[in-house]
Amino acid sequence: MRLVVILLILAVAGWMLVGCGGEESRTVAQYPPPVTLPSGLIIQDFRYGDGAALDRGDVFTVRYTTYLDNGSEVESEDAYTFIGGVRKVIPGLDQGISSMQVGGQRKLIIPPSLAYGDAGKPPNIPPNATLTMYLEVLSVAEKQTTENGVKYVDLVDGWGDTPLAGDTVVVDYTGWLQSTGFKFDSSLNEGREPMEFVFQGGNLIKGFDEGMLGMRVGGKRVIIIPPELGYGAEEKENIPAGSTLIFEIDFLEDRPPS
């Protein structure tokens with residue numbers, strides 16, 4: 001009988017954290033119990049971070065490994081960077097990471113409705129698959145702030161010219177509400193073309209021009225525009241009054257005045 005008990009203890013001790021780089025040989029049973037959110041997402045923390053808390057619009061880098069119910073690994077990244085809270089990734093990851101801090105490690109059990117649903121993700125993820133993801137937040141990019149309060153993070157450093165007042169610039173862009181992550185506009189929507197405008201020509205909200213200062217052609221940047229440099233107290237279609245706006249800008253072309 002004693003031998004059976006010992007074997008059971010060793011079996012439980014062998015179930016270690018997978019894919020998150022845990023620093024301790026602790027079993028799942030020693031961690032806080034899983035929590036099920038109203039959406040159906042299940043989360044279990046293996047380590048609480050002690051770095052910066054994540055916020056919608058932050059650019060952060062994570063390490064993760066994803067498995068199917070049968071235990072097969074289907075996705076893995078050692079350093080995956082994305083914009084948080086604006087639906088750039090599957091909803092389960094967006095929801096599951098929202099309360100984490102840098103250095104935190106967490107297990108997510110993601111139902112199909114918050115993953116790839118009926119379509120799956122061929123060839124590795126079948127339709128209606130529940131995913132188990134082991135996740136670690138590695139870092140949050142430090143934001144720069146312009147003179148008037150636009151915050152920005154460069155995702156890609158450009159190689160070409162920087163825009164000057166009066167230049168015609170061409171960009172692709174996507175805009176989200178910081179409050180909800182709702183995408184209110186994008187030049188990447190079907191049937192749309194890149195946006196062309198005169199830099200600092202007064203045709204766009206001030207924060208968009210200011211957020212592009214110092215960018216180079218070929219660069220990609222995330223900017224966060226406070227209400228006073230956006231639409232302020234004015235309500236626009238799909239944009240409530242007093243909204244802070246998040247844009248991802250891809251700087252395609254710069255043409256000086258002829």
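Hi everyone, let me start with a pairing: β9 and strand β13 (residues 245-255) run antiparallel and share 10 bridges. Here strands are DSSP runs of E with at least two residues, helices are runs of H or I with at least four, and both are numbered from the N terminus. Two strands count as paired if DSSP finds at least two bridges between them.

A quick word on the source. This is a predicted model, in which local features need pLDDT of at least 70 and side-chain atom pairs count only at pLDDT 80 or more, while totals for chains, interfaces and linings use all residues. Residues are numbered from 1 along each chain as its sequence is written, and side-chain values use heavy atoms, with hydrogens and water left out.

Back to β9. Within its pairing with β13, Asp-172 has Asp-250 as its bridge partner. Strand β9 (residues 168-177) is also joined to β11, antiparallel, by four bridges. In that pairing Thr-168 stands opposite Val-198, and Val-170 opposite Glu-196. Then there is strand β10 (residues 183-186), antiparallel to β9 with three bridges, where Trp-176 is partnered by Lys-183. The β9-β10 hairpin has five residues between its strands, and Gly-181 takes a positive phi near 80 degrees there.

Strand β11 (residues 195-198) has Met-195 and Phe-197 on a covered face, with Glu-196 and Val-198 on an uncovered one.

Now the other sheet I'd like to show you. It is open, with six strands in the order β1-β2-β5-β6-β3-β4 and antiparallel pairing. β1 (35-36) and β4 are at the edges with a single partner strand each, so one side of each has no neighbour in the sheet. β1 pairs with strand β2 (residues 42-47) over two bridges, and Val-35 stands opposite Ile-43.

Next, the cores. A nonpolar core is a set of buried Ala, Val, Leu, Ile, Met, Phe, Trp, Tyr and Cys residues joined through side-chain atoms within 4.5 Å. The largest has 25 residues, and those touching the most other members include Val-62, Leu-93 and Ile-97. β6 gives the most to this core, with four residues. Leaving aside neighbours within four places in sequence, Ile-97 is in contact (heavy atoms within 4.5 Å) with residues including Leu-54, Phe-60 and Leu-135. A second, separate core holds 23 residues, Met-212 and Leu-245 among them.

Last stop: Ser-98, in the loop between α2 and β5. At 47% relative accessibility, Ser-98 counts as partly exposed.

Which helix gives the largest share of the lining of the largest pocket? That is helix α2 (residues 91-97), with four residues. Thanks, everyone, and do have a look at the model!

Methods
Buried means under 20% relative accessible area, exposed over 50%, partly exposed in between (1.4 Å probe, protein chains only).
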